[in-house]
Amino acid sequence: MAGRRHTPEQVVRKLREADRMLGEGAGVGDVARCLEVSEQTFHRWRNQCGGMKADDVKRLKVLEVENARLKRIVADKELEIDALGEIGRTKW
């Protein structure tokens with residue numbers, strides 16, 4: 001299977017299709033094969049996006065990116081504070 005990114009709309013659509021197929025009695029392996037994703041990807045999507053709408057998934061992705069950016073800013077500030085503390089503790 002080729003590595004590619006799916007849009008939030010595609011993920012939600014594929015999860016709905018998977019629910020329909022599972023309801024009809026298909027196995028998880030068969031469903032994943034039909035959706036052209038691995039079973040691991042299917043289970044990850046199910047855990048992350050199960051029951052969400054496409055707009056909710058988009059917003060979640062935006063919030064994850066923003067959260068990562070804010071964590072980097074906080075880490076940089078902590079390093080700066082630590083460095084300034086080291087400078088203040090040294091005797092001239």
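**Stop 1: helix 2**

Select helix 2 and look at what its buried residues touch: they pack against helix 1 and helix 3. This is a predicted model. Which residues of helix 2 are buried? Pick Val31, Ala32 and Leu35. Now look down the axis of helix 2. The buried residues fall within an arc of 95 degrees, so they line one face of the helix.

Step past the end of helix 2. Glutamate 36 follows, and its phi is positive, near 65 degrees.

**Stop 2: valine 31**

Centre on valine 31. Ignore its neighbours within four places in sequence. What is left in contact with valine 31 is Ala18, Met21, Leu22, Ala26 and Phe42. Keep Phe42 displayed for the next stop.

**Stop 3: helix 2 against helix 3**

Show residues 28-35, which are helix 2, together with residues 39-49, which are helix 3. Two packed helices are described by the angle between their axes and the distance between the axes. Here the axes come within 9 Å and cross at roughly 95 degrees. Angles of 65 to 115 degrees count as roughly perpendicular, and helix 2 and helix 3 are therefore roughly perpendicular to each other.

Which residues make the contact? On helix 2, select Val28, Gly29, Val31, Ala32 and Leu35. On helix 3, select Glu39, Phe42 and His43. Colour this set by class: 5 are nonpolar, 2 polar and 1 charged.

**Stop 4: around helix 3**

Stay on helix 3. Its buried residues are Thr41, Phe42, Trp45 and Cys49. They cover an arc of only 100 degrees around the axis, which puts them on the same side of helix 3. What lies over them? The cover of these buried residues includes helix 1, helix 2 and helix 4.

Then move on to glycine 51, which follows helix 3 and has a positive phi, near 85 degrees.

**Stop 5: helix 1 against helix 3**

At what angle do helix 1 and helix 3 pack? The angle is about 105 degrees, and the axes are 11 Å apart. That makes helix 1 roughly perpendicular to helix 3.

Select the helix 1 side of the contact: Val11, Lys14, Leu15, Ala18, Asp19 and Leu22.

**Stop 6: the nonpolar core**

The largest nonpolar core has 13 residues. Which of them have the most contacts inside it? Select Leu15, Val31, Leu35 and Phe42. Helix 1, helix 2, helix 3 and helix 4 each supply at least two residues of this core. Helix 1 gives the most, with 5 residues.

Some of these names are already on screen. Val31 and Leu35 are among the buried residues of helix 2. Phe42 is one of the buried residues of helix 3.

**Stop 7: asparagine 67**

Finish on helix 4, residues 54-89, and pick asparagine 67 within it. Is asparagine 67 buried, partly exposed or exposed? At 39% relative accessibility, asparagine 67 counts as partly exposed, because that class lies between 20% and 50%.

Last, draw a distance from asparagine 67 to asparagine 47. These two are 20 residues apart along the chain, and their C-alpha atoms are separated by 20 Å.

Note on methods
Residues numbered from 1 in each chain as written. Predicted model: local features only at pLDDT ≥ 70, side-chain atom pairs only at ≥ 80, totals over all residues. Heavy atoms only, no water. Axes fitted to C-alpha atoms, helices over the stretch in contact; angles between N-to-C directions. Helix = DSSP H or I, 4+ residues; strand = E, 2+ residues; numbered from the N terminus. Parallel < 35°, antiparallel > 145°, perpendicular 65-115°, else oblique. Contact = heavy atoms within 4.5 Å. Nonpolar A, V, L, I, M, F, W, Y, C, P; charged D, E, K, R; others polar. Buried < 20%, exposed > 50% of the residue type's maximum accessible area, 1.4 Å probe, protein only. Core = buried A, V, L, I, M, F, W, Y, C linked by side-chain atoms within 4.5 Å. Arc of directions from axis to C-beta.
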